[in-house]
Amino acid sequence: MSVVGITKVAKRYGRVTALEDVSMTIADGEFFGLLGPSGGGKTTLLRSIAGFIDPDDGEISIDGKPVKNIPINKRDIGMMFQNYALFPHMTVTDNIGFGLSVRHRPKAEIEARVTELLRLVRLEGFGERKPRQLSGGQQQRIALARALATNPRVLLLDEPLGALDKKLREEMQFELKQIQRNVGITTVFVTHDQEEALTLSDRIAIMSEGKVLQIGAPRDIYERPRTRFAAGFLGTANFFEGTVSGREGGLTRILLAGGTAIFTRDEAPEGRSVTIAVRPEKFTVGGATPAPASDAQVNRIAGRIAGEVFAGNSVTYRIDAAGRIVTVYMQNRMTERLGPDAPVTLTWDPAHSIVLED
Ligand SMILES: Nc1ncnc2c1ncn2[C@@H]1O[C@H](COP(=O)(O)OP(=O)(O)OP(=O)(O)O)[C@@H](O)[C@H]1O
């Protein structure tokens, strides 16, 4: 069942199109990430759901009801923004209970709820502290508890962990996900950090220049990016441009400039110019004279080591092959080092050659 519905939403600021024809549905209990570069429209969309921004066109609904004429405080939404600071003069308890106090809930109910939320964010016993007596991560957890206090239908998070340093951020990612799972609240969050989007989201919408480029589960977008932008924004990809030159053994043959042929399981009409994406970890690097193919259905191109970045457990190679530099990630399992200029053979499964739409 869908909780948040967004249909053909548009927002312009003078000549700037912040959102254009944006549609998506967010399911009950889903952790939904809006990912994209700066200026892509993520915050504008989140603020439109919250009610801070009124879209020029389209419709936003919660539980099937259009929210256009519902004010912010009646939308049944909890919010946590990067700079959505706690009230500095109030205790942790009063901060968390704030939303319930302004709704004139009975004192006993507020106390019980605050206790429950402190337990949820693992800060029991911190109720009497002031925000300045908390670490950054603790403040963030209190802000989360405050956003959840009224038991809202939807939780909106804008770069919720943006202010934290890397280590704390990783810890909080894990915690945020746990809490979201436990509460089961439908959550929409904005991030420009691809790793954060991959770790937290059930599904991701990739946004750029006000448009949605692709929506899908992290694994689906990673394994099957539709565009060059999506492939490059979520992870790293090598791109091979060529022309479709027919079918062979159930595979599509792509002829690269320079005459090398590579194969894909995807279908594409003969004669079409296409771009193929291959993720760096999909390759195997072998010696100059590869073992005879036991399976003819494998891509195989010759190259030379042009550079390496050693990271202990793994190595990133830059390999000069088929007239380009190919980035390859390898686990550090080799007994011999592949030195500069060493001749190598790159092999990969045609299933990992993805034909892009643009
Ligand atoms: N109030 C405003 N007035 C004019 N232009 C605006 C306004 N708010 C946003 N924009 C423009 O709309 C576009 C989308 O902005 P938005 O903040 O939604 O992007 P974003 O993806 O959230 O970026 P960031 O990651 O930097 O927060 C940008 O080009 C921005 O400059």
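Student: Before we start, what pLDDT do local features need?
Tutor: Residues are numbered from 1 along each chain as its sequence is written. As this is a predicted model, side-chain atom pairs count only at pLDDT 80 or more, totals for chains, interfaces and linings use all residues, and local features need pLDDT of at least 70.

Student: How far apart do the C-alpha centres of domain 1 and domain 2 lie?
Tutor: The protein chain is divided into domain 1 (2–233) and domain 2 (238–355), with bounds that come from an automatic or database domain assignment. Contact between them involves 4 residues of domain 1 and 4 residues of domain 2, where contact means C-beta atoms, placed from the backbone, within 7 Å. Between the C-alpha centres of domain 1 and domain 2 the separation is 40 Å.

Student: Which element gives the most to the shell around the ligand?
Tutor: The residues surrounding the ligand include Tyr-13, Val-16, Lys-42, Thr-43, Thr-44 and His-192, each with its C-beta atom, placed from the backbone, within 6 Å of it. Two elements, β2 (16–27) and α1 (42–50), each give two or more residues to this shell; helices (H or I, at least four residues) and strands (E, at least two) are DSSP runs, numbered from the N terminus. With 3 residues, the element that gives the most is α1.

Student: By class, how many residues of the shell around the ligand are polar?
Tutor: Ala, Val, Leu, Ile, Met, Phe, Trp, Tyr, Cys and Pro count as nonpolar, Asp, Glu, Lys and Arg as charged, and the others, Gly among them, as polar. The shell has 3 nonpolar residues and 1 charged residue, and the number of polar ones is 8.

Student: Are α2 and α4 roughly parallel or oblique to each other?
Tutor: Axes are lines fitted to C-alpha atoms, for helices over the stretch in contact, and angles run from 0 to 180 degrees between N-to-C directions. The axes of α2 and α4 cross at roughly 30 degrees and come within 7 Å. Angles under 35 degrees count as roughly parallel, over 145 as roughly antiparallel, 65 to 115 as roughly perpendicular and the rest as oblique. The two helices, α2 and α4, are therefore roughly parallel.

Student: And how are α2 and α3 placed relative to each other?
Tutor: Helix α2 (residues 92–102) and helix α3 (residues 107–120) have axes 9 Å apart and an angle of about 130 degrees. Thr-93, Ile-96, Gly-97, Leu-100 and Ser-101 of α2 meet Ile-110, Arg-113, Val-114 and Leu-117 of α3. The angle therefore makes α2 and α3 oblique.

Student: Is the crossing of α4 past α5 left-handed or right-handed?
Tutor: The axes of helix α4 (residues 136–148) and helix α5 (residues 166–183) cross at roughly 20 degrees and come within 11 Å. That makes α4 roughly parallel to α5. A crossing is left-handed if the near helix is turned anticlockwise from the far one by less than a right angle, and right-handed if clockwise. For α4 and α5, the crossing is right-handed.

Technical notes. Two residues are in contact if their C-beta atoms, placed from the backbone, lie within 7 Å.
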